[in-house]
Amino acid sequence: ELKYKREDIVNILMYEIGKNRKDAEAEFDRTMQFCEKTIEYIQSSNEFGSGWDASNGPTRLFLSRAAIGIVLCLGPYNYPLNETYATLIPALLMGNIAILKLPTVGGLAHQLTMEAFAKALPPGTINFISGSGRATMPPLMESGKIDSLAFIGGSNAADKLIKAHPEPHRLKLFLQLEAKNMGVYLADLWSSDDVDARTHMERIMKETVAGTLSYNGQRCTALKLLFVPAQHAEQFATTLAKEVEAMSVGLPWESTAPNKYSQITPLPNRGRVEYMKALIDDAVSKGATIVNKNGGTIVGGEGESTLMIPAILYPVTSDMRAYDEEQFGPVVPIAPYDSINEVLSYAHNGKYGQQVSLFTSNSKPTANLVDQFSTVFGKININAQCGRSPDTAPFSGRRSSAMGVMSVADALREFSVPTVVSYKDVGGNEELVRGMEGHSKFLKSAS
């Protein structure tokens, strides 16, 4: 049913949240693929009932997974379909009742999906709530009837919701929160100037542009702070500025060439514009410069437009807001470093721990960083931007970035409980249990 609405949903993503056509199509298609892979995993995995285990003496065990109960799902505006359904679909497939809070911005796509759900699911299986989250969510949590919270958004809002539950100790949590993902560029990248080194750097710059500014940087997995060796940082900033200046700026549906659309598109509201400008003004007042031409300019006029040309800020230092705060938008801070210990300190002492990207051409120093960062971040990317894909890989985080793991398999585990049925193979127990199998839905895969 949802596939028939592809074009309508793609158009809504373009018009409501400013996502260009190519990215909107990719979000829809990836969501459908995630759903299909999740169903395939359930059908092929022995986690969901694999017969009776007779390896424990006379005790026979049947293991499967059962629903938690009522799951409250809150998705974000930036990926209203993909991120939301990556929790909603696994929760439904595990037999839970779902309550979906429509995001204030990005909620229109769900208006179309309601019809598909109504045709496919029994009444009451999925329920939709719209309106202000501050007004609608606390009463639900205070009722104590929510068994699981699937929340993608800010940690402050998540904390308030959790505290509103009268028994937070029994609330199953799945949280995907903020991040301040670093791009770390090692000095060895500049140790040679031969053709191979230049080609390698060109690839790295493409990864950097995509990592910082895909969908205007409005991704939790975006690169949000670039650490570059001080002796090469100015050159790096200038090169990156040229790449950004070449990006097309316009409306999401505007085509710049066949199958190519505006790379920088409007932000969803004026609030996001004002926050970007506050970060830029703060950095500039403390010594940073906007390296790229017209960086931070609003196309179409202040007060009327939300189309912002990205701003490359250099040098960004620890006293600037852009150094620590998650910008979630088209602001790219470049921080020069004299010692790799500065980077390690930022990682170890930071608030977040989602991902990091290491850009290098030398194995030995990178191996040491991998070891250092393996206890800090959920994913370490080598010469590549940060990202959630592939969906079969665990998407996790530490500290204030996440609680729980997202993937095709892991999401099913997050919204279910391992449940065991056992008996001792004595007397007539086996015959008794075998008789149950024909009548029990839970035991249907036991035989």
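This is a predicted model: local features need pLDDT of at least 70, side-chain atom pairs count only at pLDDT 80 or more; totals for chains, interfaces and linings use all residues.
Residues are numbered from 1 along each chain as its sequence is written, and side-chain values use heavy atoms, with hydrogens and water left out.

**Stop 1: a surface patch**

Select Y15, L251 and W253. Together they make a nonpolar surface patch with about 310 Å² of accessible area. (Patch members have over 30% relative accessible area and no salt bridge; like charges are joined within 9 Å, and nonpolar side chains, meaning Val, Leu, Ile, Met, Phe, Trp and Tyr, within 5 Å. Areas come from the Shrake-Rupley method with a 1.4 Å probe, and for residues only the protein chains shown count as cover.) Y15 sits in helix α1, residues 6–17. (Helices are DSSP runs of H or I with at least four residues, strands are runs of E with at least two, and both are numbered from the N terminus.) Y15 counts as exposed because its relative accessibility is 56%. (Buried means under 20% relative accessible area, exposed over 50%, and partly exposed in between, with a 1.4 Å probe and protein chains only.)

**Stop 2: salt bridges**

The whole structure holds 24 salt bridges. (That is a side-chain nitrogen of Lys or Arg within 4 Å of a carboxyl oxygen of Asp or Glu.)

Start with E47 and R413, whose closest N and O atoms are 2.7 Å apart. This pair ties together distant parts of the chain, 366 residues apart: E47 is in the loop between α2 (21–44) and β1 (52–56), while R413 is in helix α13 (residues 408–414). E47 is buried at 17% relative accessibility, and R413 is partly exposed at 29%.

Next, pick E430 and R434, a salt bridge with its closest N and O atoms 3.9 Å apart. They are four residues apart in helix α14 (residues 429–437), so about one helical turn separates them. E430 is partly exposed at 33%, and R434 is partly exposed at 35%. Elsewhere, salt bridges with shared partners join R30, E83, R388 and D391 into one network. Zoom in on R388 and D391 there: their closest N and O atoms are 2.9 Å apart, and both residues are buried.

**Stop 3**

Most residues other than glycine have a negative phi, and most peptide bonds are trans. Here are some exceptions to click on.

- Y314 to P315: a cis peptide bond, omega near -10 degrees. P315 is in the loop between β15 (311–314) and α10 (321–324).
- S389 to P390: also cis, with omega near -5 degrees. Find P390 in the loop between β19 (379–382) and β20 (398–399).
- N383: not a glycine, but with a positive phi of about 55 degrees. N383 is in the loop between β19 and β20, and is partly exposed at 25% relative accessibility.
- N216: another non-glycine with positive phi, about 60 degrees. Look in the loop between α7 (195–213) and β9 (223–229); N216 is buried, at 0% relative accessibility.

V228 counts as buried, with 0% relative accessibility.
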